[in-house]
Amino acid sequence: MKTNLYFRRVAVIGAGLTLFRRRMLETPQELAWEAARKALDEAGLELKDIDCVVIGSAPDAFDGVHMKGEYLAHGSGGVRKMVSRVYVGGATGVMVPNTAWYHVASGLCEKVLAVAEEKMSPARPHPQSIFRYIWDPILEKPLNPNLIWIFAMEMHRYMHVNKITKEDIALVSVKNKKNALNNPYAQAAANITVDDVLKSEVLVWPVQLLDTSPVSDGAAAMVIVSEDVARRYTDTPVWIEGVGWTLDNTEWTGRELAYPRYLEYAARMAYKMAGVERPNKEIDVIEPYDPFDYKELHHIEGLMITKRGEAPKFLKEGVFDIDGEIPSSPSGGLLGVGNPIAAAGLMKVISIYWQLKGIAGKMQVKRPVHTGVAQAWGDLMQASTVIVMRN
Amino acid sequence: MDGTPLKEEDLKKVNTIVYKPNAKYAYSAGQAYSKFLLGLKEKKIIGRRCNKCGRVYVPPRMYCDDCFRPTDEWIEVKDEGIVETVVASFISWTRERIEKPEIVGVIRLFPSRDKDWVFPGLFHRICADFEDVKNMSLFGKKVKAVWKEERVGSINDIECFRVVE
């Protein structure tokens, strides 16, 4: 049953992506412009038609430019318009359409351009060192932490509690990199085997190189509009039916890491709004956030598509394959397409939009699809954003 | 266009901005962390308890996240606990390869129970071998803090946590 909230219906009518690559020669603004222009073209709109602009970007430090919202504004079409920047770490990509949703749903705007951009390559010697500044300066930074530490700690806990092997988890990387072969924007598409993953460089055990997504640059954009506008511009709008977002506390050391509780809260919010009562039966295609392979399984459980600890079993049975019952990351996900943080999250939403509109080309899943879910996650394992869309 | 492949020598040719900004930060430890750091100097691990929900905060917190009221009392927890999770890092924080892996993890300190969702937990080094991490035998093991001889009131006053049984 849907909630009683009163708001306007909101639709997506256009989307654009740049290639996801390491060391793009374009500036962040040029990348944002390219994605935004493509989204406007698909929607059949011009910039003068746009009322407000939402910009999403993860820490300023990656691009090496402070105040990224203002910096990106002209490339994103935001000059002399209502512009807001949202930032919830890795969860930013899905927070961008969520924010555009409430701009339109509230009646404030008719047509919103939602843009996400990230350029991770500029940092020397490696963007990894930039992550040092997200740790607690007094109790964590003196231990010289590397960001992959926390993911490895979460992955190992997940494996221990649910008795999951590295082989089970590596299957996600194999699936997503293979799906990405169909994606013209992908950076890390490949035909690999479980063995390749297990033999790749050990970064922070149990995380190995092929368990992770690459360092990337890229941008993504969407045009999000009210129902009246959508009806005028397209016969096949894709509706945003539910949004959800939650933060857990920063004390990741003091809570159970085996299950993403914050995601369950965000998913419940989005499902309630969309009237989804049985996620495993009603959702046809999903794009869970997969910067690491275990994360896709973790998030499938948090989205309540399976019970806790059961995602690997369904994965092995092929349920999440592109021709399976609930295809997961048909785009290739972050593992296959690449991980320009905020842009990667929005890419997941765009993938669902293309699937529901039926224009995903070689990425199109085999079964007919009606309801899709995209999700992102970030910060010190605490932020999650969810979006439910229907055609 | 297929991205921008570069060799290492190409990277030396491009203009990179190298400078050390004279930006220094003096972080405030606040009431809770100050007491915690002073406690470490005395080989004590100090936390705060919220008497409304019973939650014990280690590292301490002057307010309870959930009840949104002040926490009520200082308590000393044991320097012993259970290994919640443990990993072995083969890369430094700048992503350079390191030969001898660094073993770190989370310790759920006593008093706490197996089923607690939130608990007093500390992120620290664990003195163990890569093999123990790899075969997952460290999970659930009881560990105790190894204190440094000279303590200055820093998280590094604890050398690491060592398995005791």
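How many salt bridges does the structure hold over all chains? The total is 35, a salt bridge being a side-chain nitrogen of Lys or Arg within 4 Å of a carboxyl oxygen of Asp or Glu. The model is predicted, and local features therefore need pLDDT of at least 70, side-chain atom pairs count only at pLDDT 80 or more, and totals for chains, interfaces and linings use all residues. Residues are numbered from 1 along each chain as its sequence is written, chains are lettered from A and ligands numbered from 1 in the order in which they are written, and side-chain values use heavy atoms, with hydrogens and water left out.

One of these salt bridges joins the side chains of A:Glu110 and A:Arg8, at 3.2 Å from N to O. A:Glu110 is placed in the loop between helix 4 (92-105) and strand 4 (111-119) of chain A, and A:Arg8 in the segment before strand 1 (10-17) of that chain, so the pair ties together parts that are 102 residues apart in sequence. Helices (H or I, at least four residues) and strands (E, at least two) are DSSP runs, numbered from the N terminus.

The interface between the chains was examined next. Chain A contributes 52 residues to the contact and chain B 50 residues, where contact means heavy atoms within 4.5 Å. The size of an interface is often given as the accessible area lost when the parts come together. Between chain A and chain B the buried area is about 4,600 Å², with 64% given by carbon and sulfur atoms; buried area is the accessible area (1.4 Å probe) that two parts lose on being put together, summed over both. On the side of chain A, the residues that lose the most area to chain B are A:Leu139, A:Leu143 and A:Trp205, which together account for 16% of what that side buries.

Five salt bridges are found across this interface. A:Glu251 forms a salt bridge with B:Arg61, with 2.9 Å between the closest N and O atoms. Helix 5 (147-162) and strand 5 (202-205) of chain A are the elements that give two or more residues to the side of chain A that touches chain B. Helix 5 of chain A supplies the largest share, eight residues. By class, this side has 25 nonpolar, eleven polar and 16 charged residues; Ala, Val, Leu, Ile, Met, Phe, Trp, Tyr, Cys and Pro count as nonpolar, Asp, Glu, Lys and Arg as charged, and the others, Gly among them, as polar.

Helix 5 of chain A also gives the most to the lining of the second largest pocket, with three residues. The volume of this pocket is about 730 Å³. Of its 36 lining residues, A:Met120, A:Phe131, A:Leu147, A:Phe151 and A:Asn339 are the closest to its centre. The lining divides into 22 nonpolar, ten polar and four charged residues. On a 1 Å grid over the protein atoms alone, a pocket is an open set of points with protein on both sides within 12 Å along at least five of seven lines, whereas a cavity is a set of points where a 1.4 Å probe fits but cannot get out; lining residues have an atom within 4 Å of a point. Grid points are joined across faces, edges and corners, and a volume is the space filled by probe spheres set on the points.

Two cavities of 30 Å³ or more are present. The largest holds about 50 Å³ of space, and its lining includes A:Glu251, A:Thr253, B:Arg55 and B:Phe119.

Most residues other than glycine have a negative phi, and most peptide bonds are trans. A cis peptide bond, with omega about 10°, joins A:Trp205 and A:Pro206. The bond from B:Phe110 to B:Pro111 is likewise cis, with omega near 0°. A:Ser329, which is not a glycine, has a positive phi of about 50°.
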